[in-house]
Amino acid sequence: MAPPGGGGHRDRHHRGGDQEMVRLTAAVDGVESGPSDDASSDGDVDEETASGRGKETAPWWIRRGPCADAVALTQTMTYTLGFGVLGLLVGLIGPSLPTLRTNAGVRYERLGVVFLARWIGGVAGSAIGGFALDAAPRSHAPMCVGIVVAVLGAVRIPAARSLRALLLAFLVTDLGLGVLIVYGNTLGTWANARNPGPAVNVINGGFGLGALVAPLIVYAALDVSPGVGVTGAYWTVAVAAIAVAMVSIRVVAPARPSEEEGKEQEEGKEQEEGKEQE
């Protein structure tokens, strides 16, 4: 039985108003919570979402390339140029050995000790590069200094007139190259922390390209000027190496990846290995 005074009608009207308020509240909550999928409470866009959108809107040479963005691409190309210098300096040795032997006045069998000096210099340079990387992880300065040291040793190689001078020149050259190897491989991995494999392959491909071009430089120098020949080839590579160092010092070095990114990288590798086994 309805209460006197039309109370039943008021109750129905009150319940209808409550339902309308519930619908309005739900609509407002939906509007407020919608952007939270892509942004946090303080308006920061989620890193993965931002990187994904950046990858989608990036030029084709980044979307189809080994790097995640333009900054990583610039850094990777810098280390590829550095490894190109490495390949050039190493590739000059073979074609120039007859001239170096004549300049030093030694037999070929005694010239083999040169490669021992190169090994010692490379190991020492790698150790120095590791310490420098820990001390200055966000700087290309040690890598550029390594290139300059390698150049100083390289220009003395064709000028050496004794075996001792030749050994010292090769030792200094590979001392600088050891630093370059550590920085190029490590920073290349840091710049492409989510998927370093393709980028590192490109970087080390720069070494192969430099080693391929170096003998051509020697033979071209011998044809143009037989008297200058090997010396001209070493100086040509030295100028190219200094140019690479000047470019590299202006590029921002990548940061060391965080532990979370390292875990994500390991999980990604495990997932890929699992798919391959399946």
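Tutor: In this predicted model, helix 7 gives the most to the nonpolar patch, with five residues. The patch is made by Val113, Leu116, Trp119, Ile120, Val123, Leu168 and Leu171 and covers about 640 Å². Helix 7 and helix 9 are the elements that give two or more residues to the nonpolar patch.

Student: What makes Leu168 count as exposed?

Tutor: Leu168, which lies in helix 9, has 54% relative accessibility. Exposed means over 50%, so Leu168 counts as exposed.

Student: Why is the pair of Glu109 and Arg107 called a salt bridge?

Tutor: The rule asks for a side-chain nitrogen of Lys or Arg within 4 Å of a carboxyl oxygen of Asp or Glu. For Glu109 and Arg107 the N to O distance is 2.8 Å, and therefore the pair meets the rule. Glu109 and Arg107 are both exposed.

Student: How many salt bridges are there by this rule?

Tutor: The count comes to three. Another of them joins Asp174 and Arg118, whose closest N and O atoms are 3.0 Å apart. This pair links distant parts of the chain, with Asp174 in helix 9 (residues 163-191) and Arg118 in helix 7 (residues 113-135), 56 residues apart.

Student: Are Asp174 and Arg118 buried or exposed?

Tutor: Both Asp174 and Arg118 are buried; that word means under 20% relative accessible area.

Student: What makes Arg256 and Asp134 a salt bridge?

Tutor: The side chains of Arg256 and Asp134 meet at 4.0 Å, N to O, and the cut-off is within 4 Å. Arg256 lies in the loop between helix 11 (229-248) and helix 12 (259-277) and Asp134 in helix 7, so the pair ties together parts that are 122 residues apart in sequence.

Student: Why is Arg256 called partly exposed?

Tutor: Arg256 has 46% relative accessibility. This value falls between the limits of 20% and 50%, so Arg256 counts as partly exposed. Asp134, at 54%, counts as exposed because the limit is over 50%.

Student: Which residues touch the most other members of the largest nonpolar core?

Tutor: They are Leu166 and Tyr234, in a core of 49 residues. The largest share of this core, 11 residues, comes from helix 9. Beyond its neighbours within four places in sequence, Tyr234 is in contact with residues including Leu92, Ile93, Leu100 and Pro158.

Methods
Residues are numbered from 1 along each chain as its sequence is written. This is a predicted model: local features need pLDDT of at least 70, side-chain atom pairs count only at pLDDT 80 or more; totals for chains, interfaces and linings use all residues. Side-chain values use heavy atoms; hydrogens and water are left out. Buried means under 20% relative accessible area, exposed over 50%, partly exposed in between (1.4 Å probe, protein chains only). Helices (H or I, at least four residues) and strands (E, at least two) are DSSP runs, numbered from the N terminus. A nonpolar core is a set of buried Ala, Val, Leu, Ile, Met, Phe, Trp, Tyr and Cys residues joined through side-chain atoms within 4.5 Å. Contact means heavy atoms within 4.5 Å. Patches are made of residues with over 30% relative accessible area and no salt bridge: like charges are joined within 9 Å, nonpolar side chains (Val, Leu, Ile, Met, Phe, Trp, Tyr) within 5 Å. Accessible areas come from the Shrake-Rupley method with a 1.4 Å probe; for residues, only the protein chains shown count as cover.
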